[in-house]
Amino acid sequence: MTTTHHAADRAVGPAARPVLRSAYQRSVAAYWNNEKDPVNIRLGEVDGLFHHHYGIGEPDPAMAADPGQFDDDAVIVEMHRLETAQADLLLDYLGDIRPEDRLLDAGSGRGGTSFMARQRFGARVDGVSISETQVEFANDQARERGLAGEVSFHLRNMLDTGFPDASFQGIWTNETTMYVDLHQLFGEFARLLSYGGRYVCITGCYNDVSGGRSPSVRHIDQHYRCDIHPRSEYFRALTANNFVPINVVDLTGPTIPYWELRSKSAVATGIEEPFLTAYREGSFHYLLIAADYIGG
Ligand code: GPP
Ligand code: MG
């Protein structure tokens, strides 16, 4: 691998601390700066919404039964539809967001969920990412859509965003919490949300009930350089930071058809079997958590 020096290595965030604070964070940034996988780019090219999360819901039944009889492009369109459905579901749980509210996408990737939120609520959206290439990509998208200033992406660390206290009505993380310490993260979100503000998380977490990290969960960690948390850790860290859950939705069943279709698609990456094994054996869940902030 060639070593590229990205701005994030030098960039200074709020309070004059660097955006990247550890060798681990530098390796995560390097992974996402170099990522150009067709499973994400070709799906994004379907309609210009580039996602970095998985899908939910039922694929077309004929395609699910035998994807081989469909064009690669048709399968890609269907996978993209399921990924967009996932982001739509996340936004359903944000509650009543008014155009004058501000929203934060923590770990905003190439911006897909942020643009959907803007379209749905008309609110200003800020996204943060430690990947310089993702921030640039997403800001280019905002300019192309004529939304620069309304939807803005920042090269910042979601553990220390630098935004003012109580400045957001809604925050979400769409498959990003496995890269950070949850107590630090929810501490920052508690600072950023106004009283009664809503946080929505979609995540993969491992099952405390069945013991520790299964081999498939370890495989997923290695693939994405992440550190998947146990289910319990989410609720401990939320409670400790004055967040009160209002919805917990197990999306494990609804995401399995996406992974089955993806495993037979032209853009499979090899991580499909570990996901399917982990979900089917019950060692791993795909979870949505919505919680309200009741701190001062
Ligand atoms: C992002 O999706 C995936 C992660 C941040 C990995 C961890 C997620 C879990 C639920 C454990 P992506 O769309 O970039 O992944 P892929 O390239 O595999 O489609
Ligand atoms: Mg993807």
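Tutor: Helices (H or I, at least four residues) and strands (E, at least two) are DSSP runs, numbered from the N terminus. Tyr293, for instance, is found in strand E7. This is a predicted model, in which local features need pLDDT of at least 70 and side-chain atom pairs count only at pLDDT 80 or more, while totals for chains, interfaces and linings use all residues. Residues are numbered from 1 along each chain as its sequence is written, chains are lettered from A and ligands numbered from 1 in the order in which they are written, and side-chain values use heavy atoms, with hydrogens and water left out.

Student: Why does Tyr293 count as buried?

Tutor: Buried means under 20% relative accessible area, exposed over 50%, and partly exposed in between (1.4 Å probe, protein chains only). Tyr293 counts as buried because its relative accessibility is 7%.

Student: Which residues is Tyr293 in contact with, leaving aside its neighbours within four places in sequence?

Tutor: Contact means heavy atoms within 4.5 Å. With those neighbours left aside, the contacts of Tyr293 include Ala190, Leu193, Tyr195, Asn241 and Phe243. Tyr293 and Gln169 lie 9.7 Å apart in space, C-alpha to C-alpha, and 124 residues apart in sequence.

Student: In what order do the seven strands form the open sheet?

Tutor: Two strands pair if DSSP finds at least two bridges between them. Here the order is E3-E2-E1-E4-E5-E7-E6, and the pairing is mixed. The edge strands, each pairing on one side only, are E3 and E6 (243-250). From one strand to the next, the twist averages 15°; for such angles, axes are lines fitted to C-alpha atoms, for helices over the stretch in contact, and angles run from 0 to 180 degrees between N-to-C directions.

Student: Which residues of helix H9 are buried?

Tutor: An α-helix has 3.6 residues a turn, so residues three or four places apart point the same way. In H9 (residues 215-224), the buried residues are Ser216, Val217, Ile220, Asp221 and Tyr224. They lie on the same side of H9 because they cover an arc of only 145° around the axis, the arc being that of the directions from the helix axis to the C-beta atoms. The face turned away carries the exposed residues Pro215 and Gln222.

Student: Which residues touch the most other members of the largest nonpolar core?

Tutor: A nonpolar core is a set of buried Ala, Val, Leu, Ile, Met, Phe, Trp, Tyr and Cys residues joined through side-chain atoms within 4.5 Å. Of the 88 residues in the largest one, Phe186 and Phe243 touch the most other members. E7 contributes the largest share of this core, eight residues.
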